[in-house]
Amino acid sequence: MPCDEFDIDRPSVMAAVVPIAAVISAFLLVAPAVVGALVNTIGLPPARAGYLLSIELAAMGVVVPPAFWWMARWDWRRVTVACLVLVAIGNAASACAHSFLALAILRSLTGIGAGSVILVCSATVAMTRERERNYGFYVVGQLVLGVLGVKFLPGLIARHGLIALYGTLALGTLALVPLVGCLPRSGRPEPGSRTGRGAGVVQWIDGRAFMGLGGILCFYIALSAVWAYLERIGTRAGFQRETIADALALASLFGVGGSIAASLLGGRWGRTAPICLGYAILIGALASLFSVDGSVSAYTLGSCAFKFAWTFALPFVLASLAARDPTGRVIVAANLLIIVGLAAGPALAALSLHRAPDYSGTLLIGVSLAILSLILALPMAYRGRGAAEPASSTAP
């Protein structure tokens, strides 16, 4: 039965959001397998495979500015169903494509649909009372799927080609359609407004929130740059395909652990301390990957710490930003920067390969931007416990 429009804290809402977000985000969750498949199956150079990921992510970013208009006026459920169908068609067609140009066009169309669905999911979570916990669940669902993907997809792709990757995503996307009835039809009205329409972006982004948005941008550039090429880093170190798949699957399990830990911790320690802890582990993990030197244990440990830190810090960063605006519109702005960051990461990493084919340039990008992200995000985390918090804890 469809949920009431503003009964945003019903368990069925998150029960729908979690699998929808996981499947729609799957191509990013298994980005190392995607890059490996494009390189090994159709012979794309690693740099072009990275550019293909960036093209899809850039297409997801294109849909964000119009979302400020349509999310206040259109039925979210109808838009989500239409976009899920578009994603399924794009994935099915991609399974039969074998050229860079054809894949670039198809992945662009798929990205447009996927980006719109992700906006609805993330805005829904932003409107709930227990943001830290729910963002943790949001990430857990994605990572559980990521564990299965990085473990089993490489072998399936080796045997069946791109159809194992994109065909699976197409079927999974169609299976999500029945869950759309548990999503809200619209966002929460702005406090003090009868409709919530027509408010300007400047009204709800102050200086510290603006810095936080910059921190999120740097965070995602750093993460996506390294994650997209983590499989290639293992290959460069001389590890076997099965060994790399096992290491990345274990890393994804640690990612699940990180998001579960964030959910269990919730707001007990505030947000500043968990964010600092998560970033410290992240920066240390990235630094350790510089000196893998053929050591499987070093590669596995660095990958596991990287994934754990990513998913542990992320719910607190997102919750800090969501606390700035109880209507969920600030999360729409954040999604634009998240998608830009996800798109820019693989592209920057691909450019660095022309100068440092050993992936040291990729890791340097990750470390540098992670440090900058922490500097920008901390003021927002501190203020995230302020005035906007009480308003966001009361459903209309």
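Which residue lies over the face of phenylalanine 100? Arginine 48 does, at 4.0 Å from the ring centre. A charge counts as sitting over a ring if NZ of Lys or CZ of Arg is within 6 Å of the ring centre and within 35 degrees of the ring normal. Lysine 307 likewise lies over the face of tryptophan 310, at 4.1 Å from the ring centre.

The model is predicted: local features need pLDDT of at least 70 and side-chain atom pairs pLDDT 80 or more, whereas totals for chains, interfaces and linings use all residues. Residues are numbered from 1 along each chain as its sequence is written, and side-chain values use heavy atoms, with hydrogens and water left out.

**Aromatic pairs**

The structure holds 9 aromatic pairs. Rings of Phe, Tyr and Trp (its six-membered ring) pair if their centres lie within 6.5 Å; planes under 30 degrees apart are stacked, over 60 edge-to-face, and the rest tilted. Phenylalanine 239 and tyrosine 299 form a tilted pair, with 5.3 Å centre to centre and 50 degrees between the planes. This pair links distant parts of the chain, 60 residues apart: phenylalanine 239 is in the loop between helix H11 (230–236) and helix H12 (241–265), and tyrosine 299 is in helix H14 (residues 296–322). Helices here are DSSP runs (H or I, at least four residues), numbered from the N terminus. Both phenylalanine 239 and tyrosine 299 are buried, that is, under 20% relative accessible area with a 1.4 Å probe, protein chains only. Elsewhere, ring pairs link Trp69, Trp70 and Trp74 into a cluster.

**Cavities**

A search of the whole structure finds 5 cavities of 30 Å³ or more. On a 1 Å grid over the protein atoms alone, a cavity is a set of points where a 1.4 Å probe fits but cannot get out, and lining residues have an atom within 4 Å of a point. A volume is the space filled by probe spheres set on the points, which are joined across faces, edges and corners.

| Cavity | Volume | Lining by class |
|---|---|---|
| Largest | about 390 Å³ | 20 nonpolar, 5 polar, 1 charged residues |

Ala, Val, Leu, Ile, Met, Phe, Trp, Tyr, Cys and Pro count as nonpolar, Asp, Glu, Lys and Arg as charged, and the others, Gly among them, as polar.

Of the 26 residues lining the largest cavity, Ser25, Leu28, Tyr138, Gln142 and Tyr220 are the closest to its centre. The lining of the second largest cavity includes Val23, Phe27, Glu56 and Arg107. H7 gives the most to that lining, with 3 residues.

Terms used:
Helices (H or I, at least four residues) and strands (E, at least two) are DSSP runs, numbered from the N terminus. Buried means under 20% relative accessible area, exposed over 50%, partly exposed in between (1.4 Å probe, protein chains only). On a 1 Å grid over the protein atoms alone, a cavity is a set of points where a 1.4 Å probe fits but cannot get out, and a pocket is an open set with protein on both sides within 12 Å along at least five of seven lines; lining residues have an atom within 4 Å of a point.
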